[in-house]
Amino acid sequence: PPRQMPPLLLLLLLLPGPAAPCSPQPNTTRFVCTEPTLTTFPTGLPPTTLAISVEFTALPSLLPAALDGLPRLQELHLSSNHLTTLPETLLRPVPTLRVLDLTDNVLADLPAGIFTSTTLLQHLVLRGNQLRALQPAWFRHLPRLQWLDLAANMLTEVPPEVLHPLHSLQSLDLSHNHLVSLAPGALAGLQALERLSLEGNRLGVLPPATFVPVPALRFLFLQDNELQALPSSIFLPLRHLHVLDLARNRLRALELPPRSPGPVLDLDISGNPWACECGLLALLRRAAPQLTAPRDTLCASPQHLRGQEVAAASRSGVTGC
């Protein structure tokens with residue numbers, strides 16, 4: 001007679017196996033997966049999906065068809081994975097994408113045509129990768145981009161005109177790269193830019209006309225560079241500047257933007273070897289900025305003022321100025 005299967009074994013065979021990590025649910029609009037062991041991008045996401053977060057996983061790559069069937073996708077968060085490259089056609093199925101976050105992967109380059117179809121993109125975050133150069137082709141089809149974060153990469157230059165198509169850009173973060181200088185025209189076309197971060201690079205000089213293309217700038221961060229001098233009137237185009245950070249450079253003399261009827265300028269010039277001579281002291285009295293770290297803003301010369309706070313020397317009438 002045919003052997004019968006034990007009831008318990010039969011029951012075990014009928015039970016569903018363990019679910020794959022981060023299985024999508026039908027008809028949801030947001031999919032979130034932070035499974036550390038995940039190595040393949042989830043499939044079967046419903047066409048109703050508006051936002052995807054696959055972060056803090058072991059994901060090393062994406063297939064070209066990973067986003068097929070997601071015509072309404074607006075946000076794609078892929079931070080803190082192990083991505084080394086992206087397929088050139090990855091984003092073609094998602095023309096409505098507004099936000100792309102690729103923070104903290106290991107991307108050394110991007111395909112030239114990666115953003116050809118994402119003309120509605122507004123936020124692009126590439127912070128914490130290994131990008132060594134900016135390709136003009138990346139930025140040709142991003143007329144609505146407002147936020148571009150390129151911090152903590154390995155960029156050594158910003159080629160002239162490379163960012164020129166980004167007419168809507170309001171915030172640009174180039175901090176903690178390997179920039180030694182800025183080419184004339186590096187900021188050309190960015191007439192809407194309000195926030196620029198260049199901190200933590202190796203900038204030694206800035207061209208005199210650096211900020212002419214960005215008259216709307218309100219926040220400018222230049223701290224932790226190697227600036228030894230500022231060209232005369234370099235900040236003259238910046239009539240709306242609200243925050244200027246020049247801390248921890250090698251500056252001895254100061255340039256400031258013109259005083260505007262708006263809020264008082266927040267100014268950090270701490271950690272520089274200031275020459276407290278009449279030009280600097282008179283400029284500070286006239287401009288009356290709000291110094292954010294006065295106790296660390298000290299005179300290095302002349303000898304009789306060495307170690308004194310610059311603000312106190314500026315207010316004092318005993319300097320002979």
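Helices (at least four residues) and strands (at least two) are DSSP runs, numbered from the N terminus. Counted that way, the protein has three helices and 14 strands. Please keep in mind as you explore that this is a predicted model. Below is a friendly tour, from the overall shape down to single residues.

**Overall shape**

- The radius of gyration of the protein is 27 Å, whereas a compact globule of 321 residues would have one near 20 Å.
- Taken along the principal axes, the box filled by the C-alpha atoms is roughly 115 × 40 × 35 Å.
- Buried residues make up 45% of the 321 residues of the protein.
- The protein exposes about 15,600 Å², and 57% of this comes from carbon and sulfur atoms.
- If you take the contacts between residues at least 6 apart in sequence, 47% of them join residues at least 24 apart.

**Disulfides**

- How many disulfides does the structure hold? There are two disulfides to find.
- Cys 22 lies in the loop between helix 1 (7-14) and strand 1, while Cys 33 belongs to strand 1, so the pair ties together parts that are 11 residues apart in sequence.
- Cys 22 is partly exposed, because its relative accessible area is 21% and buried means under 20%. Cys 33 has a relative accessibility of 1%, so Cys 33 counts as buried.
- Another disulfide links Cys 276 with Cys 299, and here the S to S distance is 2.0 Å. Is this disulfide left-handed or right-handed? The torsion about the S-S bond of Cys 276 and Cys 299 is about -95°, so the disulfide is left-handed.
- Cys 276 sits in the loop between strand 12 (274-275) and helix 2 (278-287), and Cys 299 is in strand 14 (residues 299-301), so this pair ties together parts that are 23 residues apart in sequence.

**Aromatic rings**

- A pair of aromatic rings is described by the distance of the centres and the angle of the planes.
- A search of the whole structure turns up two aromatic pairs.
- Trp 138 and Phe 139 make an edge-to-face pair, 6.0 Å centre to centre with 75° between the planes. The pair counts as edge-to-face because planes over 60 degrees apart are given that name.
- Trp 138 is buried, with a relative accessible area of 1%, and Phe 139 is buried with a value of 1%.
- Phe 211 and Phe 235 make a stacked pair, 5.8 Å centre to centre with 25° between the planes.
- Where do these two residues lie? Phe 211 is in the loop between strand 8 (195-197) and strand 9 (219-221), and Phe 235 is in the loop between strand 9 and strand 10 (243-245), so the pair ties together parts that are 24 residues apart in sequence.
- Phe 211 and Phe 235 are both buried.
- Another ring to look for is that of Phe 219: the charged end of Arg 195 sits over this ring, 5.3 Å from its centre.

- Pro 47 is found in the loop between strand 1 (30-33) and strand 2 (51-54). Pro 47 and Leu 70 are 23 residues apart in sequence, and their C-alpha atoms are 4.8 Å apart in space.
- Beyond its neighbours within four places in sequence, Pro 47 is in contact with Gly 69, Pro 71 and Arg 72.
- His 77 is part of strand 3 (residues 75-77). Is His 77 buried or exposed? With 14% relative accessibility, His 77 counts as buried.
- Not counting residues up to four places away in sequence, His 77 touches several residues, including Arg 30, Ile 52, Val 99 and Asp 101. His 77 and Val 94 are 17 residues apart along the chain, and 14 Å separates their C-alpha atoms.
- Ser 175 has its place in the loop between strand 7 (171-173) and strand 8, and Ser 175 is buried, with a relative accessible area of 3%.
- Leaving out residues up to four places away in sequence, Ser 175 touches Ala 151, Ala 152, Ser 197, Leu 198, Glu 199 and Asn 201.

Technical notes. Residues are numbered from 1 along each chain as its sequence is written. This is a predicted model: local features need pLDDT of at least 70, side-chain atom pairs count only at pLDDT 80 or more; totals for chains, interfaces and linings use all residues. Side-chain values use heavy atoms; hydrogens and water are left out. Rings of Phe, Tyr and Trp (its six-membered ring) pair if their centres lie within 6.5 Å; planes under 30 degrees apart count as stacked, over 60 as edge-to-face and the rest as tilted. Buried means under 20% relative accessible area, exposed over 50%, partly exposed in between (1.4 Å probe, protein chains only). A charge sits over a ring if NZ of Lys or CZ of Arg is within 6 Å of the ring centre and within 35 degrees of the ring normal. The radius of gyration is taken over C-alpha atoms; the globule rule is 2.2 Å times the number of residues to the power 0.38. Contact means heavy atoms within 4.5 Å. Accessible areas come from the Shrake-Rupley method with a 1.4 Å probe; for residues, only the protein chains shown count as cover. A disulfide is a pair of cysteine sulfur atoms within 2.5 Å.
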